[in-house]
Amino acid sequence: MAAIAELETDRLRLRAWQESDREPFAALNADPVVMEHFPACLSRAESDAFIDRIEAHWQQLGFGLWAVEQKSDRTFIGFIGLKQVPFEAAFTPAVEIGWRLAQPYWGQGLASEGAKAALQFGFEQLQLETIVSFTAVCNQRSQRLMQRLGLQPVGTFEHPALPEGDRLRTHVLYRGDRQQWSAGLLG
């Protein structure tokens with residue numbers, strides 16, 4: 001397997017996953033506040049399987065979701081990165097930027113800082129033409145981050161993995177492209 005690119009920002013290191021990340025990642029995925037806009041909290045086994053899928057994505061495509069740690073104390077705080085959208089929709093195939101940080105690290109600009117580095121990697125290293133982001137309509141916090149990154153709202157769609165009537169089914173879709181990145185409109 002090729003080495004996973006590591007990114008650094010002023011405060012963060014976006015790196016390959018380590019065995020020691022599994023326990024804090026499971027705690028993050030079991031936090032009902034962190035998981036408020038997802039169908040359910042994850043068990044330890046489900047959380048570990050998620051890491052396994054992340055690592056497989058890296059092996060298959062050469063990019064993915066990075067484990068994120070604070071540079072100051074090397075504490076694992078969550079993930080930020082890029083992934084192939086795993087379902088069919090009007091806007092797929094597409095690459096999505098996403099993030100999930102443990103609650104104590106919210107509101108400090110860390111997700112924004114890491115997401116900017118991921119966008120730069122996607123547009124400059126991977127030469128992606130477009131990157132999308134989406135979340136449940138009720139997830140205002142993530143939508144504000146998408147807006148701070150300069151991503152533009154495109155509309156809404158019904159997430160195919162969620163059943164009719166589910167409060168999270170309607171998602172808002174944002175996107176940005178390499179031309180916007182080059183013009184300094186993203187990040």
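Student: Which secondary structure elements does the protein have, and in what order do they run?

Tutor: This is a predicted model. The protein contains five helices and eight strands. Read from the N terminus, the order is β-β-α-α-β-β-β-α-β-α-β-β-α. The radius of gyration is 16 Å, close to the 16 Å that the globule rule gives for 187 residues, so the protein is as compact as a globular protein of that length.

Student: What are the extents of the C-alpha trace, and what share of the residues is buried?

Tutor: Along the principal axes, the C-alpha trace spans about 40 × 40 × 35 Å. Of the 187 residues, 50% count as buried. Among contacts with a separation of 6 or more, 60% are between residues 24 or more positions apart.

Student: Which residues of H2 are buried, and what covers them?

Tutor: The buried residues of H2 are Ser47, Asp48, Phe50, Ile51, Ile54, His57 and Trp58. Their cover includes H1, strand S3 (65–70), strand S4 (76–84) and strand S5 (95–101).

Student: At what angle do H1 and H2 pack, and which residues make the contact?

Tutor: Helix H1 (residues 22–29) packs against helix H2 (residues 44–61) at an angle of about 115 degrees, and their axes are 9 Å apart. The crossing of H1 and H2 is right-handed. On the H1 side the contact is made by Arg22, Glu23, Phe25, Ala26 and Asn29, and on the H2 side by Arg44, Ser47, Asp48, Phe50, Ile51, Asp52 and Glu55. By class, the residues of this contact are four nonpolar, two polar and six charged.

Student: Is histidine 57 buried or exposed, and with which residues is it in contact?

Tutor: Histidine 57 belongs to helix H2. Its relative accessible area is 14%; because buried means under 20%, histidine 57 counts as buried. Apart from neighbours within four places in sequence, histidine 57 is in contact with Gly62, Phe63, Gly64, Leu82, Lys83 and Gln84.

Student: What follows H2?

Tutor: Glycine 62 follows H2, and its phi is positive, near 80 degrees.

Student: Which residues other than glycine have a positive phi, and where do they lie?

Tutor: Most residues other than glycine have a negative phi, and most peptide bonds are trans. Arginine 74, although not a glycine, has a positive phi of about 60 degrees. Arginine 74 is found in the loop between S3 and S4, and with a relative accessibility of 55% it counts as exposed. Glutamine 127 also has a positive phi, near 60 degrees. Glutamine 127 lies in the loop between helix H3 (110–125) and strand S6 (130–136), and at 42% relative accessibility it counts as partly exposed.

Student: Which peptide bond is cis, and where is its proline placed?

Tutor: The bond from threonine 92 to proline 93 is cis, with omega near 5 degrees. Proline 93 is situated in the loop between S4 and S5.

Key. Residues numbered from 1 in each chain as written. Predicted model: local features only at pLDDT ≥ 70, side-chain atom pairs only at ≥ 80, totals over all residues. Heavy atoms only, no water. Axes fitted to C-alpha atoms, helices over the stretch in contact; angles between N-to-C directions. Helix = DSSP H or I, 4+ residues; strand = E, 2+ residues; numbered from the N terminus. Left-handed = near helix turned anticlockwise from the far one by under 90°. Contact = heavy atoms within 4.5 Å. Nonpolar A, V, L, I, M, F, W, Y, C, P; charged D, E, K, R; others polar. Buried < 20%, exposed > 50% of the residue type's maximum accessible area, 1.4 Å probe, protein only. Rg over C-alpha atoms; globule rule 2.2 N^0.38 Å.
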